[in-house]
Amino acid sequence: MYAEAGERHNTPHVHARYGEYRATFAVETGDLLSGTLPKSQLRLVQAWVELRRGELEEDWQLLQGGRLPNRIAPLS
């Protein structure tokens with residue numbers, strides 16, 4: 001999760017990258033909002049969003065307040 005210069009978004013979301021693929025996911029549902037990922041990576045990101053939803057929501061609030069987000073652990 002990162003701040004986009006000059007942008008404020010209403011829908012909390014995260015960005016995922018895998019090689020040349022790029023995708024955006026809703027924090028609340030894990031739904032794919034835009035972009036594409038291979039099917040197995042898509043499922044991994046959605047599982048990560050589900051497991052880390054509380055942390056993602058906290059980070060979203062930090063970003064909306066102009067602060068840096070906390071680091072969130074990957075799936076291990």
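These are my notebook entries on a predicted model of one protein chain.

**Ground rules**

I number residues from 1 along each chain as its sequence is written, and my side-chain values use heavy atoms, with hydrogens and water left out. The model is predicted, so I ask for pLDDT of at least 70 for local features and 80 or more for side-chain atom pairs, while totals for chains, interfaces and linings use all residues.

**Entry 1: the overall layout**

I started with the elements and found two helices and three strands. Read from the N terminus on, they run β-β-β-α-α. Both kinds are DSSP runs numbered from the N terminus: helices are H or I with at least four residues, strands are E with at least two.

Next I looked up burial. Of the 76 residues of the chain, 28% count as buried. Buried means under 20% relative accessible area, exposed means over 50%, and partly exposed is in between, with a 1.4 Å probe and protein chains only.

**Entry 2: the largest pocket**

What volume does the largest pocket have? I noted about 620 Å³. A pocket here is an open set of points on a 1 Å grid over the protein atoms alone, where a 1.4 Å probe fits, with protein on both sides within 12 Å along at least five of seven lines; lining residues have an atom within 4 Å of a point. The volume is the space filled by probe spheres set on the points, which are joined across faces, edges and corners.

I wrote down 22 lining residues, and the closest to the pocket centre are His15, Ala16, Arg17, Val45 and Trp48. Which element gives the most to the lining? That is β1, with five residues. At least two lining residues each come from β1 (13-18), α1 (39-51) and α2 (53-64).

I also sorted the lining of this pocket by class: 15 nonpolar, three polar and four charged residues. Nonpolar covers Ala, Val, Leu, Ile, Met, Phe, Trp, Tyr, Cys and Pro; charged covers Asp, Glu, Lys and Arg; the others, Gly among them, are polar.

**Entry 3: a nonpolar patch and Leu44**

On the surface I found a nonpolar patch formed by Leu44, Leu51 and Leu75, with about 290 Å² of accessible area together. Patch residues have over 30% relative accessible area and no salt bridge; nonpolar side chains (Val, Leu, Ile, Met, Phe, Trp, Tyr) are joined within 5 Å, like charges within 9 Å. The areas come from the Shrake-Rupley method with a 1.4 Å probe, and for residues only the protein chains shown count as cover.

Leu44 sits in helix α1. Buried or partly exposed? Leu44 is partly exposed, because its relative accessible area is 48%. I also checked Leu44 against Leu75: they are 31 residues apart along the chain, yet their C-alpha atoms are separated by 8.1 Å.

**Entry 4: salt bridges**

How many salt bridges are there? I counted one, the rule being a side-chain nitrogen of Lys or Arg within 4 Å of a carboxyl oxygen of Asp or Glu. Glu55 pairs with Arg52, and the closest N and O atoms are 3.4 Å apart. Glu55 is partly exposed at 31% relative accessible area, and Arg52 counts as partly exposed at 24%.

**Entry 5: two more pairs**

Arg22 lies in strand β2 (residues 21-26) and is partly exposed at 45% relative accessibility. Between the C-alpha atoms of Arg22 and Ser34, twelve residues apart along the chain, I noted 8.4 Å.

Leu56 is in helix α2. Leu56 counts as buried because its relative accessible area is 1%.
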